[in-house]
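Please look over the sequence and the model shown below before reading on.

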Amino acid sequence: MIKKASLLVYLLSFSALTFSQSIPYKQKASAESLKRDLTFLSSDSLKGRATGSKEQEVAASYIANKFKEHGLKGVSNEKENPYFESFYLASSTFPSNHQLTIKESGEALSPLKDIIIATGKSITDSPIIPFIGASDSLKGKLYTKVIVATSFEEGILEIEKQLATNSSISSYMLVLPIKKMVEYNKARLNLTAAKVTFTNTPGDTITLGRNGEKIPFSSNIYFSNVLKFISTHPSITLSITDSFLLKKLFASNTLDNLSNTSKAIIGNTILVNGTISPEKVTFKKVANVVAKLEGTDPNGEAIVVSAHFDHIGVKPVAQKENANADSVCNGADDNGSGTSAIMEISRLFAKAKSKGIQPKRSILFAAFTGEEMGLLGSQYMAQNPFFPLSKIKAVVNLDMVGRTDESHSDSDMYAYPLTFGDTLTLQKVLNRSAKRAKIDIWKEIAPFEMLLWSGGSDHASFVNKDISAIVITTGMHDDYHTPADEVQKINFKRLERISTFTYFTVWELANQ
């Protein structure tokens, strides 16, 4: 009797376990739910969800509320909203509405390469007249003092020394080694587009990182050196160049005897046509949306499920006759489709949890901002992880999963899942999940698309950290990055199938 009772208990327990473990595989995504979310995200009112826009903030709140509604926890340390992983983008206004010419030779100079002119006050049609040597005979006239130095720091020390003894000079030309000039030009150009500061708060020199450590924004030498000097000396104009330009401004015998020059020697004049305005760096707060579904081992490993929710905003309509044309790049496929899918996948995981079924590994859901600007949101997360990277076992990234490429018809149930890292294991999981979801895995993607997807979406930020990844897409189409990428063109039957397929994939990865 004891043996029979034990066997009965075992059989009942095994049956219950088998039934419970089959629950996740009996669930599937809802086309209605996907359509509801995607219709909102790709509406004209959100104006293409450009990174840093108010409309993208609305989208971020919508996604966060969905994660919260599904019972997921926010995982950031932000008091206002734990679902937001905020960081700042820094960008600079580049003064480009001017031309520079050497008066004597008529040679045009490039403000992008030949000379940098930084000023605390606007300069309009005002010539730059360089001189070498003493300035006693030049008092009362607008001249530019030439300082030759081996580094920016050395040159600034000399300028500071001269400012302390001679306040009549308000314009300096710092001549650096060619290599140093290239570095400053590169750093300057890097500020003209939004870049991640890798900090949680904005500031000029010192900011606080995720763990409270001090992080200087001096990683950009142009910001921390040139613009810092100008901000503390707003009445000074600072030109930076190298020996190439110096040789065009002065005779060779003058340059050969710089150390013996006691009197003022005036060089060729640089004519400024237009206005050089002060450069300003601005900080814009943006946020990834992050949430977590706890696994049965809360201190264990995790799988990341991601999609970017930003797009390219509104394209200006140039022709007057097209003034009424659609200019909103709604980004329904790119990447409202992937974002809607990860919200739907979070709903399925939450539903399983409500029935007492949790995955072994935790699931981290990440809706990234700034992908269109260079994977900025995923790079920020990868470089400032709120979850140890060593415990992230795989990333499953969805990008453009709502349309049909030229190799398929709208009735085809297919997806391109591309693997990086532990491809053998990932491929086995994909094959099993595809069979369960009744979807075809299509491997023959066009070579140029393979190159594009290798590094062109957010999974790449984690692959670069040696984390295995899957990116799932349905391929490119002619409406990419145009106002024609609208919700009515989305294949919701396939999007439903792909969301289910991804859910199965993530479930299996989380229980290995």
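**Overview**

This is a predicted model, in which local features need a pLDDT of at least 70 and side-chain atom pairs count only at pLDDT 80 or more, while totals for chains, interfaces and linings use all residues. Residues are numbered from 1 along each chain as its sequence is written, and side-chain values use heavy atoms, with hydrogens and water left out.

The secondary structure comes to 14 helices and 22 strands; helices (H or I, at least four residues) and strands (E, at least two) are DSSP runs, numbered from the N terminus. Of the 512 residues of the protein, 53% count as buried, where buried means under 20% relative accessible area, exposed over 50%, and partly exposed in between, with a 1.4 Å probe and protein chains only. A contact means heavy atoms within 4.5 Å, and residues 24 or more positions apart account for 81% of the contacts with a separation of 6 or more.

The predictor's confidence in each residue is given as pLDDT, from 0 to 100; the protein averages 86, and 87% of the residues score at least 70. Over residues 7–20 the pLDDT stays under 50, and the model has two contacts beyond four places in sequence for them. Residues 196–216 also have a pLDDT below 50, with 55 contacts in the model beyond near neighbours in sequence. Where pLDDT is low, the predicted coordinates should not be read in detail.

**Cores and helix α2**

A nonpolar core is a set of buried Ala, Val, Leu, Ile, Met, Phe, Trp, Tyr and Cys residues joined through side-chain atoms within 4.5 Å. The largest such core has 62 residues, of which Phe67, Val289, Phe349, Ile363, Phe365 and Ile472 touch the most other members. Helix α14 (residues 492–510) gives the most to this core, with 10 residues. Leaving out residues up to four places away in sequence, Phe67 touches Leu72, Tyr83, Val289, Ala291, Ile342, Met343, Ser346 and Phe365. Apart from this core lies another, of 30 residues, among them Tyr143, Ile169, Tyr222 and Phe229.

In helix α2 (residues 31–41), the buried residues are Ser33, Leu34, Asp37, Leu38 and Leu41. Seen down the axis of α2, these fall within an arc of 120°, so they line one face of the helix; the arc is that of the directions from the helix axis to the C-beta atoms. Among the elements that cover them are α3 (54–69), α9 (332–354) and α14.

**An open sheet**

Four strands form an open sheet in the order β4-β3-β15-β6, with antiparallel pairing. At the edges stand β4 (108–109) and β6 (123–124), each with a single partner strand, so one side of each is left without a neighbour in the sheet. Two strands pair if DSSP finds at least two bridges between them, and five bridges join β3 (residues 98–102) to β15 (residues 270–276). Within this pair, Gln99 stands opposite Asn273 in β15.

| Residue and group | Partner | Distance |
|---|---|---|
| Asn288, side chain | Glu85, side chain | 2.8 Å |
| Arg361, side chain | Glu301, side chain | 2.8 Å |

Asn288, found in strand β16 (residues 281–293), is buried, with a relative accessible area of 0%. Arg361 has its place in the loop between α9 and β18 and counts as buried at 12% relative accessibility. The C-alpha atoms of Arg361 and Lys393, 32 residues apart along the chain, are separated by 9.1 Å.

**Backbone details**

The peptide bond from Asp334 to Asn335 is cis, with omega near -5°, and Asn335 is found in helix α9. Phi is positive, near 50°, at Asp125, which counts as partly exposed at 48% relative accessibility. Leu375 has a phi near 60°, again a positive value in a residue other than glycine, and counts as buried at 10% relative accessibility.

Note on methods:
Polar contact = N/O pair within 3.5 Å; in protein donor to acceptor, adjacent residues only side chain to side chain.
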